[in-house]
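Dear colleague,

I am passing a structure on to you, and my notes on it follow below. Please read them with the model open beside you.

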Amino acid sequence: MPSYSLIAPAKINLYLEILGDRSDGYHELAMILQSIGLADQINVRSISTDSIVVHCNHPQVPTDQSNLGYRAAELMVRQFPKAFAKYGGVEITLNKQIPVAAGLAGGSTNAAAVLVGIDLLWKLGLTQSELEELGGTLGSDVPFCVGGGTAIATGRGEQLSPLPSLDSIYIVLAKYRSLEVSTAWAYKTYRQQFGNSDLRDSDNLAARASAVHSGAIVKAILDKDPGEIAQKLHNDLERVVLPAYPQVLQLQEVFANQEGVLGTMMSGSGPTVFALFESQQQAEEVKLQVREAIIDEDLELFVTRTITHGIQVVSSV
Ligand code: ATP
């Protein structure tokens, strides 16, 4: 039976600004999303039964209908019943490297990979924007994960405008293995604590434009200036996550004290903290220094870098 093997990169947020509450329960956002080299490997294979089967090497990731990869396959079955009848069921194998519930879009990128994989298995010939539109029905980060690179995301995060690619800014990621932050909790708490000061009239373009402050970091990205990008990092969700999770704040403080760190911030709803570097050597050195400064086996550290792509097909059988 045919199969495809795909690489599904994680993302970090270089910028996350909450512009206002939306009546659908989501928030109006202005984000800058960046693909990174840390990635899961996904295999998608046609099987002779008419079922969807998920295998995963990570004990915290469900393999039932709540798995985002499973949900992506279900969506394809619903959208393309004739192809499903012709090609049969799908077996999805997830080899997770991306930490779970970490603010790195681990589930979303798996969903994006399954959409791309099934498109190939079933020879549908969908365009990137068709895949992104399907992805938007599964989760706000899924459309970005399809094409990846560097992009501005607005709306609830699903409306994308590409930015020039940022290749090879080096990154250290730090996450406590046992610490998870629910994205829903972070946004809900933000709404409770700061909702009143938010822009509520999301249809008013002028009001929205004056509320967005991403201009300076966009300019730094256009200038391809890592030092300036690092100075303009911003994440509104830090306002609720840092007070509730002192370990996350401590990670930032430890990073900020190391030589060579251009800037440091929490990614998405956390709890992953990242730091940016000019060179791989500096990143490797700081990884060791953080390991010495925080003696805790629960702390995972990764060296990675910015990359210019989303889902990639690496082999087909
Ligand atoms: P985001 O940055 O998009 O908010 P995240 O990195 O914070 O995402 P995920 O890793 O996507 O969070 O996991 C969130 C929850 O989704 C976890 O509780 C996990 O059990 C569940 N989940 C479902 N499918 C997957 C998957 N394929 N990979 C990882 N987690 C999954």
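At what angle do helix H1 and helix H3 pack, and how far apart are their axes? This is a predicted model, in which local features need pLDDT of at least 70 and side-chain atom pairs count only at pLDDT 80 or more, while totals for chains, interfaces and linings use all residues. Residues are numbered from 1 along each chain as its sequence is written, and side-chain values use heavy atoms, with hydrogens and water left out.

Helix H1 (residues 68-79) and helix H3 (residues 106-121) pack at about 35 degrees, with their axes 7 Å apart; helices here are DSSP runs of H or I with at least four residues, strands are runs of E with at least two, and both are numbered from the N terminus. Axes are lines fitted to C-alpha atoms, for helices over the stretch in contact, and angles run from 0 to 180 degrees between N-to-C directions.

Turning to the ligand, Gly 103, Gly 107, Asn 110, Asp 141 and Thr 183 come nearest of the 21 residues around it, where a residue counts if one of its heavy atoms lies within 4 Å. A polar backbone atom of Leu 104 is 3.0 Å from an oxygen atom of the ligand, and an N or O atom in the side chain of Asn 67 is 3.3 Å from a ligand nitrogen atom.

Two backbone details remain. Ala 105, in the loop between strand S4 (89-95) and H3, has a positive phi of about 60 degrees although it is not a glycine. The peptide bond from Gly 270 to Pro 271 is cis, with omega near 5 degrees.

How values were computed: Polar contact = N/O pair within 3.5 Å; in protein donor to acceptor, adjacent residues only side chain to side chain.
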